[in-house]
Amino acid sequence: MPLNLKDKVAVITGGGGVLCSTMAKALASHGVKTAILDLNLEAAEKVAKEITEQYHTPSMGISASVLDKKSLEAAKLVINEKLGTIDYLVNGAGGNAASATTKAEFITDDVLNNLDDTFFGLEADGFDKVFALNFQGTLLPSMVFAKDMLDKKQGSIINVSSMNAYTPLTKIPAYSAAKAAINNFTQWLAVHFAKTGIRVNAIAPGFLLTNQNRFLLIDEKTGEATARGEKIIRNTPMERYGEPEELTGTMLYLLSDWATFITGVVVPVDGGFSAYSGV
Ligand code: NAD
């Protein structure tokens with residue numbers, strides 16, 4: 001059975017970023033036409049240019065916010081005109097912010113005089129923003145771009161979850177709650193769409209060493225793992241970080257015709273992290 005990816009049209013939100021630019025390139029390498037949608041137009045256009053040059057597959061960068069339905073609808077018109085109607089959506093835009101992060105991991109006697117560093121210092125506004133980016137930022141693009149799939153009676157959506165969805169990491173409650181909501185929403189939408197020909201699945205990346213988190217995980221001076229980095233590796237049975245490229249096989253498979261009876265699943269791509277109790 002062929003994968004049947006060639007000449008399909010995919011929208012990749014957050015496509016200017018680290019992981020989703022890699023996913024977009026993997027799609028292009030299989031002949032998928034890619035719309036790289038990002039708040040950052042320059043980043044999106046750069047990825048589209050690299051794709052066109054490297055894979056000779058049509059690609060375009062486009063600016064829109066996954067939190068602004070009108071901007072997504074405007075982007076859809078341009079994508080439809082330039083690439084055609086949409087078959088696939090990768091909901092990749094997401095992330096955390098300092099305003100939704102506690103400084104302290106635990107409430108201990110040491111921090112009782114400085115509760116601002118704990119749960120009690122979190123600002124509702126920061127919490128809302130992170131929750132919205134990760135949750136509404138998946139909800140709204142699905143509403144806008146799945147319309148084409150409904151008309152065609154076929155299509156496939158991939159949401160991007162996280163290890164935080166299963167067991168939250170310390171310090172980042174809004175991000176964790178939003179990713180847990182993504183798992184639940186993936187199941188809900190898969191059922192809601194089950195009779196339409198549209199499938200909805202998610203991937204949950206484990207720990208990847210990217211430019212954004214390298215300074216947190218590797219000590220710049222010594223090149224050794226930081227305490228947080230050590231903990232991650234200790235809790236990853238494969239004892240290493242993943243590479244962004246290692247997410248692409250699961251994404252391609254779930255989007256493709258190899259997965260026509262699969263909907264509503266979240267696949268961890270994590271070197272065993274989510275399976276391991278630590279004992
Ligand atoms: P990244 O920061 O490199 O990319 C995110 C992109 O989203 C950026 O290009 C940014 O401009 C864009 N963006 C932000 N707000 C937007 C908005 N409102 N509208 C449109 N675009 C917007 O992040 P990444 O590390 O590549 O992560 C991609 C996805 O993978 C996220 O959902 C993240 O939560 C998830 N994830 C990442 C890791 C990791 O280790 N990096 C692990 C698990 C899950």
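How far does a polar side-chain atom of tyrosine 175 lie from an oxygen atom of the ligand? In this predicted model, that gap at tyrosine 175 comes out at 2.6 Å.

**Around the ligand**

The ligand has 24 residues around it, and the closest include Val18, Asp38 and Tyr175.

| Residue | Atom on the protein side | Distance to a ligand oxygen |
|---|---|---|
| Valine 18 | backbone N or O | 2.9 Å |
| Aspartate 38 | side-chain N or O | 2.6 Å |
| Tyrosine 175 | polar side-chain atom | 2.6 Å |

On its own, the ligand would expose 830 Å², and the protein buries 84% of that. Sort the shell by residue type and you get 11 nonpolar, 11 polar and two charged residues.

**The sheet and its helices**

Now for the strands. Seven of them form an open sheet with parallel pairing, in the order β3-β2-β1-β4-β5-β6-β7. At the edges sit β3 (59-63) and β7 (266-269), which each pair on one side only. Ignoring direction, neighbouring strands are turned by 20 degrees against each other on average.

Zoom in on β1 (residues 9-13) and β4 (residues 88-91): four bridges join this parallel pair. Isoleucine 12, for example, has valine 90 in β4 as its bridge partner.

Helices lie across the strands, too. Helix α2 (residues 41-55) lies across β2 (33-38) and β3, at about 175 degrees to β3. Helix α9 (residues 248-255) lies across β4, β5 (155-160), β6 (198-205) and β7, and runs at about 170 degrees to β6.

Methods: Residues numbered from 1 in each chain as written. Predicted model: local features only at pLDDT ≥ 70, side-chain atom pairs only at ≥ 80, totals over all residues. Heavy atoms only, no water. Near = heavy atom within 4 Å. Polar contact = N/O pair within 3.5 Å; in protein donor to acceptor, adjacent residues only side chain to side chain. Areas by Shrake-Rupley, 256 points an atom, 1.4 Å probe, with all protein chains shown as cover. Nonpolar A, V, L, I, M, F, W, Y, C, P; charged D, E, K, R; others polar. Pairing = 2+ DSSP bridges. Helix = DSSP H or I, 4+ residues; strand = E, 2+ residues; numbered from the N terminus. Axes fitted to C-alpha atoms, helices over the stretch in contact; angles between N-to-C directions. Contact = heavy atoms within 4.5 Å.
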